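This briefing is meant for a reader who is meeting the structure for the first time. Please keep the sequence and the model side by side while reading the points that follow.

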Amino acid sequence: MFKGLGNLANIGALVKQAQEMGSRMEAIQEELKTKKATGAAGGGLVEVDVNGVGEALAVRIDPSLMEKGEREMIEDLLPAAFNAAQAKAKQRHAEALQGIAGGLPIGGMADIFSQLPGPNPDSDKP
């Protein structure tokens, strides 16, 4: 009568595994929030710190840019520095998720991360 259901008896084990993975994901998210990634632009004239989930923490602008009134240059360098920092944070996030899978490649994860907003750390393009 239930021949087509296969390993339905293992559904409880699958639910438990899913719950454990959810708990690990929450722990990883909390840990990543404590990590810092720094991106720089203009040879270090502008630096941006983000946490491991890409939230901005700090911005540093070289005083020489401020003294010279280089508003346009600052406006150009800030997004580049943010993008560089977020790319590093995204890479750290991907590495943490690989750790959940015990180092085994998670099918489609690279594709999923390539669809996230922001720069792709594996890309040669800006």
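Contact means heavy atoms within 4.5 Å of each other. This is a predicted model, in which local features need pLDDT of at least 70 and side-chain atom pairs count only at pLDDT 80 or more, while totals for chains, interfaces and linings use all residues. Residues are numbered from 1 along each chain as its sequence is written, and side-chain values use heavy atoms, with hydrogens and water left out.

**Overall layout**

- The protein chain has four helices and three strands, where helices (H or I, at least four residues) and strands (E, at least two) are DSSP runs numbered from the N terminus.
- Followed along the sequence, these elements come in the pattern α-β-β-β-α-α-α.
- Of the 126 residues in the protein chain, 21% are buried, a term that stands for under 20% relative accessible area, with exposed meaning over 50% and partly exposed lying in between (1.4 Å probe, protein chains only).
- Among the contacts in the protein chain with a separation of 6 or more, 48% are between residues 24 or more positions apart.

**The sheet**

- Three strands form an open sheet in the order S1-S2-S3, and the pairing is antiparallel; two strands pair if DSSP finds at least two bridges between them.
- S1 and strand S3 (56-61) stand at the edges with a single partner strand each, so one side of each is left without a neighbour in the sheet.
- From one strand to the next the twist averages 15°, an angle that, like the others here, runs from 0 to 180 degrees between N-to-C directions, with axes being lines fitted to C-alpha atoms and, for helices, fitted over the stretch in contact.
- S1 is joined to the antiparallel strand S2 (residues 46-51) by six bridges, and within this pairing Gly-39 has Val-48 of S2 as its bridge partner, Ala-37 has Val-50, and Lys-36 stands opposite Asn-51.
- S2 is in turn joined to S3 by five bridges, again in an antiparallel arrangement, with Ala-58 of S3 as the bridge partner of Asp-49 and Ile-61 of S3 opposite Val-46.
- Four residues separate S1 from S2 in a hairpin, whose turn includes Gly-42 with a positive phi of about 65°; S2 and S3 also form a hairpin with four residues between them, and in that turn Gly-54 has a positive phi of about 90°.

**Faces and burial of the strands**

- In a regular strand the side chains alternate between the two faces of the sheet.
- S2 is largely enclosed by the rest of the structure, because five of its six residues are buried.

- The buried residues of H3 include Ile-74, Leu-77, Ala-89, His-93 and Leu-97.
- H3 lies across S1, S2 and S3, and runs at about 145° to S1.
- The axes of H3 and helix H1 (residues 11-34) come within 11 Å and cross at roughly 150°.
- H1 and H3 are therefore roughly antiparallel to each other, given that angles under 35 degrees count as roughly parallel, over 145 as roughly antiparallel, 65 to 115 as roughly perpendicular and the rest as oblique.
- The residues that make the contact include Met-21, Met-25 and Ile-28 of H1, together with Arg-92, Ala-96 and Leu-97 of H3.

**Two residues to look up**

- Met-25 lies in helix H1 and, at 27% relative accessibility, counts as partly exposed.
- Gly-52 is placed in the loop between S2 and S3 and, at 2% relative accessibility, counts as buried.
- Not counting residues up to four places away in sequence, Gly-52 touches Leu-32, Lys-35, Ala-89 and His-93; Gly-52 and His-93 are 41 residues apart in sequence and 6.6 Å apart in space, C-alpha to C-alpha.
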